Amino acid sequence: MNIQALMQQAQTMQKKVEANVENAKKELANKEVQAEAGSGLVKVTMTGRHVVKRLTIDPSLLEDEPDMIEDLIAAAINDAVRQADELYESTMAGATSGMGLPPGMQGMF
């Protein structure tokens, strides 16, 4: 195999990876994770791209101290971010799997 054919094969693979990554990003924008805190008193729905779609606060919680409400909101959002990160990792790993990339390079995209 000559160097020109090898370069052409690398370019083809790069285009394929870029297309897969772009599709994965679109998919992440449409997937949602849901998290909650305080046994469901605060609920957050977030996309795989870290966009908060919904924040629900149980009305009974509004009678409590503002500090507690803020803590529960932060806990729910942090859990949603963690779940969105996991979703991102698994989606992007799927987008680059089967491409013959070394494990360290799969997460680069």
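Helices (H or I, at least four residues) and strands (E, at least two) are DSSP runs, numbered from the N terminus. The legends below describe a predicted model, in which local features need pLDDT of at least 70 and side-chain atom pairs count only at pLDDT 80 or more, while totals for chains, interfaces and linings use all residues. Residues are numbered from 1 along each chain as its sequence is written, and side-chain values use heavy atoms, with hydrogens and water left out.

**View 1. L72 in helix α2.** L72 lies in helix α2, which comprises residues 66-96. With a relative accessible area of 15%, L72 is buried; buried means under 20% relative accessible area, exposed over 50%, and partly exposed in between (1.4 Å probe, protein chains only). Leaving aside neighbours within four places in sequence, L72 is in contact with A37, G38, V42 and L61, where contact means heavy atoms within 4.5 Å. L72 and G40 are 32 residues apart in sequence, and their C-alpha atoms are 9.7 Å apart in space.

**View 2. T91 in helix α2.** T91 also belongs to helix α2 and is buried, with a relative accessible area of 9%. A polar atom of the T91 side chain lies 2.8 Å from the backbone oxygen of L87. Not counting residues up to four places away in sequence, T91 touches A24, E27, L28 and K31.

**View 3. Helix α2 along its length.** The end C-alpha atoms of α2 are 45 Å apart, which agrees with the 45 Å that its 31 residues should span at 1.5 Å a residue; the expected span is 1.5 Å times one less than the number of residues. Among the buried residues of α2 are I69, I73, A76, M92 and T96.

**View 4. The largest nonpolar core.** A nonpolar core is a set of buried Ala, Val, Leu, Ile, Met, Phe, Trp, Tyr and Cys residues joined through side-chain atoms within 4.5 Å. Of the 20 residues in the largest such core, V33, V42 and A80 touch the most other members. The elements giving two or more residues to this core are α1 (3-30), β1 (32-37), β2 (42-47) and α2, and the largest share, 9 residues, comes from α2. Not counting residues up to four places away in sequence, V33 touches V44, T45, M46, A80, Q83, A84 and L87.

View 5. The 3 strands form an open sheet in the order β1-β2-β3, with antiparallel pairing; two strands pair if DSSP finds at least two bridges between them. β1 and β3 stand at the edges, each with a single partner strand, so one side of each is left without a neighbour in the sheet. The twist averages 10 degrees from one strand to the next. α2 packs on the sheet, touching β1, β2 and β3, and its direction makes about 150 degrees with that of β1. Axes are lines fitted to C-alpha atoms, for helices over the stretch in contact, and angles run from 0 to 180 degrees between N-to-C directions. β1 is joined to β2 by 6 bridges, and E32 has T47 in β2 as its bridge partner.

**View 6. Loops with positive phi.** S39, in the loop between β1 and β2, has phi near 55 degrees, a positive value in a residue other than glycine. S39 is exposed, with a relative accessible area of 78%. In the hairpin of β2 and β3, which has 4 residues between the strands, H50 takes a positive phi near 70 degrees. H50 counts as partly exposed at 36% relative accessibility. The antiparallel strands β2 and β3 are joined by 5 bridges, and the bridge partner of M46 in β3 is V52.

How values were computed. Polar contact = N/O pair within 3.5 Å; in protein donor to acceptor, adjacent residues only side chain to side chain.
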